[in-house]
Amino acid sequence: SYLEEREDVVSAINGNVMSIIKTATASRDKSVVETHRISYRVFRVTSMTAALTIIVGILISFLTTRSIVKPVSLLQEKTREIAKGRFQKISHVFSSPELRELAEDFNAMSDRLKELDELKLDFISHVSHELRTPLTSIKAASSLLLDTPLGNLPEKRTELLKIIEGECGRLISSVNRILDLPRRGVGGDPLQ
């Protein structure tokens, strides 16, 4: 009877252990399934967050680059205009404070260059006119001396008068070319 009783107790214990194993296995399988489901959700959320972060980063980078490139392009365009002799200002720059300050400095530089260009033109015009009048008088006087019969002028004096007349003509041509400079732009192209 002891053996039978022991056999029944062992069978009951085996049944209970098997039941516990089945319950533990079922619980483990359920936990594994739940873990896979949570991992998949975490992966989807992480992937969507990463994609959204990349898109927002690209968008911010594009807008930042555009806000820098546009004013720099405007400065470049206005610089080319100044190189052609057209002194223009930059009206409004909607960008960082540094680029706004650069635009203000550019406008100050443009004003100063325009002022210097006007001074240069006035100076060239004034000097050219001041040179042309006496040179024309000297040339006319030397021509008159050559054409007026004053008797026999020594050959050296005649030669000197011809040199004076020729050099005056050359200087008058140079002065006329200088007077034409204000009417021409960079490279000899007429200003528009």
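In which helix is the place of Met18? In this predicted model, Met18 is located in helix 1, which spans residues 2-83.

On the side of helix 1, the contact is made by Ser67, Ile68, Pro71, Val72, Leu75, Lys78, Thr79 and Ile82, whereas helix 2 contributes Leu99, Leu102, Ala103, Phe106, Met109, Ser110 and Leu113.

Two of these contact residues, Thr79 of helix 1 and Phe106 of helix 2, are separated by 27 residues in sequence and by 8.7 Å in space, taken from C-alpha to C-alpha. Thr79 has a relative accessibility of 42% and counts as partly exposed. Asp105 and Ile21 are 84 residues apart in sequence, and their C-alpha atoms are 83 Å apart in space. Asp105 counts as exposed, because its relative accessibility of 53% is over the 50% cut-off.

Seven salt bridges are present in the structure, among them the pairs Glu34 with Arg37, Arg86 with Glu81 and Arg170 with Glu167. In the pair formed by Glu34 and Arg37, the side chains meet with an N to O distance of 2.1 Å. Both residues of this pair lie in helix 1, where Glu34 and Arg37 are three residues apart, a spacing of about one turn of the helix. Glu34 is partly exposed, with a relative accessibility of 33%, and Arg37 is likewise assigned to the partly exposed class, at 35%.

For the salt bridge between the side chains of Arg86 and Glu81, the N to O distance is 2.6 Å. The two partners fall on either side of the cut-off for burial: Glu81 is buried, because its relative accessible area of 15% is under 20%, whereas Arg86, with a relative accessible area of 27%, is partly exposed.

The side chains of Arg170 and Glu167 meet in a salt bridge with an N to O distance of 2.9 Å. Arg170 and Glu167 both lie in helix 3, which covers residues 155-180, and are placed three residues apart, or about one turn of that helix. At 46% relative accessibility, Arg170 counts as partly exposed, and Glu167, for which the relative accessible area is 36%, is partly exposed as well.

How values were computed
Residues are numbered from 1 along each chain as its sequence is written. This is a predicted model: local features need pLDDT of at least 70, side-chain atom pairs count only at pLDDT 80 or more; totals for chains, interfaces and linings use all residues. Side-chain values use heavy atoms; hydrogens and water are left out. Helices (H or I, at least four residues) and strands (E, at least two) are DSSP runs, numbered from the N terminus. Contact means heavy atoms within 4.5 Å. A salt bridge is a side-chain nitrogen of Lys or Arg within 4 Å of a carboxyl oxygen of Asp or Glu. Buried means under 20% relative accessible area, exposed over 50%, partly exposed in between (1.4 Å probe, protein chains only).
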